[in-house]
Amino acid sequence: MNKTRTTALIAASAALSVIASGCSVANSGGNGSGAASGTLRIVLPQEPPTLEPCEASLTATGVVTRSNITEPLLERNPTSGALEPKLATEWTQTEPTLWTFKLRPGVKFSDGSEFTSEDAVKAIDRTANNTTLACNVQGYVFGQTGPLTLAAPDATTVTIKTQEADPLLPLRVSFIEMTKRDISTTEKVREPIGTGPFKIASWTAGQKLTLSSWDGYWGAKPAYTTAEYQWREEGTVRAAMVVNGEADVATNLGADDGAGDTAVQYPNNETTALRFTNDQAPLNDIRVRQAIDMLIDRDGIITSLFGGLGKPASQLIGPGVIGYNEAMTPTKYDPAAAKALVDAAKADGVPVGTQFRIIGRTSQFPKIAESIELMQSAFAQAGLNAKIEMMDTSAQLKYQLRPFVPDAGPIALMVMHGNQAGDAAFTVGQYFATDGAQSTGGTPDLDAKIKAAAPLTDAARQAAYADVFKTQTDAVRGFAFLANMEAVLARAKTVDYTPDAATGDEMRLADFKPKA
Amino acid sequence: MLTFLRRRALTSLLPLLAVVLGVFVLARLTGNPAALYLPENATAEAREQFSAANGFDKPIWAQLIDYFAGVARLDFGTSLRTGEDAATMALRAFPATLQLAVVTMVLAIAVAIVVGCWAALRPNGLADRVSGMLSMTAASVPDFWLAILGIWVFAIILGVLPTSGVDAGGASWVLPIAVLMVRPAGVLTQVVRGAMISALGSPYVKVARAKGASEGRVVARHALKNAAPPALTVAGDLAVGLINGAVVVESIFGWPGIGKLMIDAILQRDFAVLQAAVALTAISIFVLNIAIDIGYALLDARVRNKAGAAA
Amino acid sequence: MTSPADTEEAATKPNYLKMLLADPLAFIAAIVLLVVAFIAVFGRQLAGPTATQGDLALSRLAPFSTDHGWQYFLGGDLLGRSLLGRLMVATQTTMSVSVPVVLISLVIGASVGMWAGYHRGWRETLAMRIADVVLSFPSLLMAVVVLYIFSPSIASIIAILAVTRIPVYLRTARAESAELQSRVFVDAARTFGTPSGAIIRRHIFPIVLPTLLTVATLDFCYVMLAESSLSFLGIGVQPPDVSWGLMVAQGRDQLRTQWWLSVLPGLAIVITTVSANLLASWVRLATDPGQRWRLTTPRRRRRRRAVPVLEA
Amino acid sequence: MLLDVHGITKSFAVPKGRLRALDGIDLHLEKGETLGLVGESGCGKSTLARTLMLLERPDAGTVRFGGVDPFALRKTDLQRHRRRVQMVFQDPYASLNPRLTAAEIIAEPWRTHKDLFKTARERAARVRELLHLVGLRPSDANRYPQEFSGGQRQRLGIARALALGPDVVICDEPVSALDLSVQAQVLNLLNELQKQLSVSYLFISHDLSVVKHVADRVAVMYLGRIVETGTTAEVFENPRHPYTKALLSAAPSLRRADREKKEKILLTGELPSPIDPPSGCRFRTRCWKATDQCATPPPATADPATPGHIAECHFPLSLTAV
């Protein structure tokens, strides 16, 4: 009897677990076989918290939402930097502070309703002017502009009036995804309805998100009719899934993640750098900062640690962003010269032996810890005293963003800056201006140059911002730049897709095609 | 039995409350998550607005009162990250971990009983020495290491198992369960072996043998029952410890369970979700402990009767 | 009068060294642990500068070749540091976390446990409730929460791990102490007016100690694994310090191309914990008069004595 | 009067209520005498011993030692008192810490009473003296308890009790765990030591023959009360409480084998529960002479001829017999 009872117990618990597994996990379908019937399987580093369109500048959200589920009025070509029509066919600066947008006719939302200027006005208002929603785009793109005044003279026209003349307005508007007029203005929307080529088919939180194409889309029908998103934190696992045929595309891989011959290299907009607290000894001496700059073995790090991904950086943005200074070159690795600078500073009474902290964010980019270790070791050999502190995102942000941690002492902070917008204005104000949200240095002269560059356009704008970058490096040197980063995308042999600089932030499913 | 249960429940309620309270305070000590949720260049006003909207500007005791007032209405708050109900998120993630834990424990116990008994029949025999070495090694292997080795060998080199996820049916379960059960199986095997050796040497087993019971019967009916209580206690501790393993294993295998949810919630300073997940975990451990106590009491009573009858 | 002869067996002081030599597995385990202890103390000096100063030219050097000196026998890591040297330095860090954790939790847990068990009453209830609170939540998760709040450093790792391990010793010590405090020789000591602290020190502690040491040996393995897990999650030992767990974590990305970076430190963890486990089970036998014969009787005789239950 | 106990009661909380272990105990002990305390197991003898050793605190009643209440003493006064009262325990196996050597066991009290001997040499010399005194060899000093026989261990226990030079030694069944042959040796040792050191003994035993051998006076205990006291001769030759009579009728040996043959007065019924003892005379449920009157508290009656011989009974035996 007792034996049977034990057996029964085991059987019962096994049955229980089977039933339980039947309920929620194991039933999500068994299509583990290769790219079947127009389904594109994508594996991302993290699950989107929501698909809220006004969070489109948040990488985890935007990479799924932008141009797939919802679309903006216009979009920036990541390669040329030019703005191209999307839901607006043309836009003109009718007055210095007034922009007029003509909408594309015949565009429908995936629920069948018409897209009109009323929807556009509501969407722009909700994204740019609504501060209670605390949308990422609002803070990132419109934080400094002040509220926009919107109007819809007719069903296909939208006008936007700005507080001051703003040559960047169309670029800013390219971040606003169009949503329906009845969308909530008080809460973020998890599963939005848009005009994009795809709509949400199902979302099993924690497991899988499926998008499917719909018939009424205004543009060309995408090659894949279904897209399945999954997410895995470990780069090696993402890569292995593509290599094993469990997924077709994996993003944000490092060189060592093992994507093998499925790997495609792409620049990912990001630039890494050490940012100094310029007012704290020993970092308050420009020679010490120059020495640190010279002690970073950029080529060594990129070759040995990044596996060749990335280019040594000379400034905080990459080529292709308006304002990039072609004339600047990355600092050469020169320990001897660095040592001489440190010694000179020491001779002048600078306490070069005072400890400073190198603060990094855990897993911010592949091999960040090793890179910092290599730097720290080089600093030590030159007679500097650095201590490494790795933190999680939340803790690191306290050092990266104002208000800074008080009395934190001298810090070289590892930052990674991505300029998604393609214009230096989105970089210099934050990082170089004396009162910038992420700035710990700056001079009045530099502030004036930054201010003067803002209203300029075209070549003048490019020249003015290029000068800002040069001045920062020569006169302030608040940063030691590491690399313009690159990443690897794993792509199954059956898929045709060429990643570009925007892939990490906006992965357009329409650009994917099955390989013939 | 009922009084016993009531007293046990009351005394266990205190740790449960203490854990929830402790995590609440600790989590708040990590600071205001405004920087995480707002864009890098958000204005100071935006940050203040965010704090006020989520109540982070209040003193911690006021937040605590608000929180427990909410919990009393079964409202665990909403996730900062997804805007979803925190309790819903925790409950959605929980079954995945529970299934993993239950299957793991059942298999670990089964392995432990078979191997442990086999080893105990001939202490210091070849089987005992081999299984002893294996179980000791099993109890000593770091689970995260085993997980990445498992993916490397079985998914990448051999390609026989999926790397991760829950999509591939039974095959998805193999690696996470294998990794999770190694340590419990190793520890339990040693416990079962030890308990069985002493049970097999006890007087009433001798009586059973003297009465001519077959060896299989002696092991299955008499000794095993006597060996069960210590194994049960250890199994309970191991089941609690499985949550530890789940944190690591779920992260590596992309298993949508409560361990991963908690780590993500900590990293995201998503307090409501962390609180809900912790409370749910604490409650399930609370229930588990009571179940173990009941099982222990039942087994104990039966063993005592048995011993009395045999003497 | 009872003959003193029947107590002879208990009287002979066991020769532990001889017993250790008689058990090859335990002997090897002891040697391994001695080597680990030696490396933990002198590893940094022995390993030399290649353990900390890398040469990017030797980055990802393959193992099992002495072309670049013995330090590079196990290959090089990403920064071109010798893996063998890194392992030796990591031994020191790993031990300098594990040993203090075990000692601190042992001392605190045992003291409070003996105190609570000796006095019974509210002291016992209080101590056990606190232990329940700590034990009622997975220790690793607790450590994760705390370490994200107080930035991870060796001191904070030791502190939090020690806190989570205290109840293990507390419970053991309390149980034994509660039993011992009702013994007559403890009553006898009370009649001399011996203060409770002195009774615990003289009469309770020496008897509880062997059990506690066995628990500590096993717990040592647990702590090593916990430290590794924390380092793996990025909140344990911080670079440029290095522990075995951190090495496994840092090497995991290279598993496909430089497997040794992750596999060898993992092996170091396994070998050390298995050795500690083996020695713990040997100590358990050796200190238990009823089981000691297993270690003192020659193998052939042991077989026959080992199965008396089957002959009964 | 060295030790005077008056009206002490002590009860313990047990699952079914309160167990009244001591219920108004009166006794006294003179310098140099041996008081034998007799009673069945469970009657409260050990609780009394533990109370006198200050291991338990009485609920009510007074204890006076040399006129001082030891429970009111603090610190140094208390320690001084502890030296004067020592105890020999029933079980010589359990009362000695197996991890200490004989010398360490004997010297243990001095680790608390540090001022008794200043130097290690003095202590070692005193240990040798004490070993000699209790009939052990100096070479035994470094042996462990488990290397001794039972009788030797009890000698060790006695030596330890004497280490502080007490005035009173409470012997709680000191020989009941020993073989018959060894019992006599230990009892003789105790008698011998009393002569040499003029200590007083409170000698607790369930064995009348043992008590008769050592005691000057005897107190008989039943369910937490002293039912009869008197000199050894008075009590043994002329018992006045029916319970004493019944006990004696089973003597000289209470051993199972002899009992049936020699038993003259067979006690009927079971020993009542100390949780719910009978009202009035506690013995009335088993007493062959009990009447309804016995349900009221019995008077303490003294024999006019021997005023120290007191029995708590409504119908004392010798009064009616004479």
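A residue is called buried when its relative accessible area is under 20%. In this predicted model, A:Cys54 has a relative accessibility of 1%, so A:Cys54 counts as buried. A:Cys135 is likewise at 1% and counts as buried.

These two cysteines are bonded to each other: A:Cys54 and A:Cys135 form a disulfide, with 1.6 Å between their sulfur atoms. The torsion about the S-S bond is about -50°, and therefore the disulfide is left-handed. A:Cys54 sits in the loop between strand E1 (39-44) and helix H2 (59-65) of chain A, while A:Cys135 sits in the loop between helix H3 (117-129) and helix H4 (136-142), so the bond ties together parts that are 81 residues apart in sequence. Over all chains, the count is one disulfide.

D:Cys287 is also buried, at 18% relative accessibility. Its closest cysteine sulfur belongs to D:Cys313 and is 6.2 Å away, which is too far for a bond.

Now to the interface of chain D and chain C. Here 31 residues of chain D are in contact with 22 residues of chain C. The two chains bury about 2400 Å² between them, 57% of it on carbon and sulfur atoms. Of the area that chain D buries against chain C, 20% comes from D:Asn97, D:Arg99 and D:Glu108, more than from any other three residues.

What joins the side chains of C:Asp187 and D:Arg50? They meet in a salt bridge, at 2.5 Å from N to O, and the count between these chains is one salt bridge. There are also nine residue pairs in polar contact across the interface. By class, the side of chain D that touches chain C has eleven nonpolar, eleven polar and nine charged residues.

Conventions:
Residues are numbered from 1 along each chain as its sequence is written. Chains are lettered from A and ligands numbered from 1 in the order in which they are written. This is a predicted model: local features need pLDDT of at least 70, side-chain atom pairs count only at pLDDT 80 or more; totals for chains, interfaces and linings use all residues. Side-chain values use heavy atoms; hydrogens and water are left out. A disulfide is a pair of cysteine sulfur atoms within 2.5 Å. Helices (H or I, at least four residues) and strands (E, at least two) are DSSP runs, numbered from the N terminus. Buried means under 20% relative accessible area, exposed over 50%, partly exposed in between (1.4 Å probe, protein chains only). Contact means heavy atoms within 4.5 Å. Buried area is the accessible area (1.4 Å probe) that two parts lose on being put together, summed over both. A salt bridge is a side-chain nitrogen of Lys or Arg within 4 Å of a carboxyl oxygen of Asp or Glu. A polar contact is a pair of N or O atoms within 3.5 Å; within protein, one must be able to donate a hydrogen and the other to accept it, and residues adjacent in sequence count only if both atoms are side-chain atoms. Ala, Val, Leu, Ile, Met, Phe, Trp, Tyr, Cys and Pro count as nonpolar, Asp, Glu, Lys and Arg as charged, and the others, Gly among them, as polar.
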